[in-house]
Each structure stands twice: as structure tokens, then as C-alpha cells.
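Thanks for making the time this morning.

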Amino acid sequence: MKVSYHISDISFIEDRMVLSVDEREITVEIADISDKLLAASDMERSIYKISPSGYGIHWPLIDEDLSVEKLMKDNP
């Protein structure tokens with residue numbers, strides 16, 4: 001059975017994404033995970049949907065999807 005994560009916030013600081021997940025903060029270099037997010041404007045980055053299951057994040061304006069499970073595995 002896959003683990004579900006509770007994402008309470010996503011923010012961006014320069015070229016880093018900060019995820020608030022299960023009472024932890026995970027910081028990820030955007031260049032390491034998504035060329036689309038790296039090139040996106042602040043407005044495009046700010047509009048996202050978290051899947052109800054907590055498995056993924058979708059940015060509709062740039063048509064990008066990221067797996068929360070992969071982000072968590074890459075940032076123990």
C-alpha cells in the first residue's frame with residue numbers, strides 16, 4: 001500500500017520549492033525536478049492542485065505534474 005502525504009503549503013523562494021508536508025518542510029531545487037517549473041512565472045507557479053489522495057501536484061497553467069512520493073524519497 002502506498003503512503004499518502006498531507007501537503008499543507010507549497011511556496012517558492014528563487015529557484016527552490018518549499019513543501020510543507022506532514023509537519024515537515026522539504027526544500028527542493030527546481031532545476032533538479034522540473035524544467036517547466038523553472039521557466040514558469042510566479043503566477044504560474046502559484047496556481048496548483050494537490051490530488052485528493054496526496055500523491056501528486058498539478059500545475060494546470062504549465063501542464064506539469066510531480067509525484068509527492070518521489071519528492072519525499074529524494075529528500076529523506
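Helices (H or I, at least four residues) and strands (E, at least two) are taken here as DSSP runs, numbered from the N terminus. This is a predicted model, in which local features need pLDDT of at least 70 and side-chain atom pairs count only at pLDDT 80 or more, whereas totals for chains, interfaces and linings use all residues. Residues are numbered from 1 along each chain as its sequence is written, and side-chain values use heavy atoms, with hydrogens and water left out.

Let me begin with serine 34, which lies in the loop between β3 (24–29) and α1 (35–39). Is serine 34 buried or exposed? Its relative accessibility is 3%, so serine 34 counts as buried, where buried means under 20% relative accessible area with a 1.4 Å probe and protein chains only. Beyond its neighbours within four places in sequence, serine 34 is in contact (heavy atoms within 4.5 Å) with Glu64 and Leu66.

β4 pairs with β5 (residues 56–59) over 2 bridges, and isoleucine 50 has isoleucine 57 of β5 as its bridge partner. On the other pairing, 4 bridges join β5 to β6, with leucine 66 in β6 as the bridge partner of isoleucine 57.

How values were computed
Buried < 20%, exposed > 50% of the residue type's maximum accessible area, 1.4 Å probe, protein only. Pairing = 2+ DSSP bridges.
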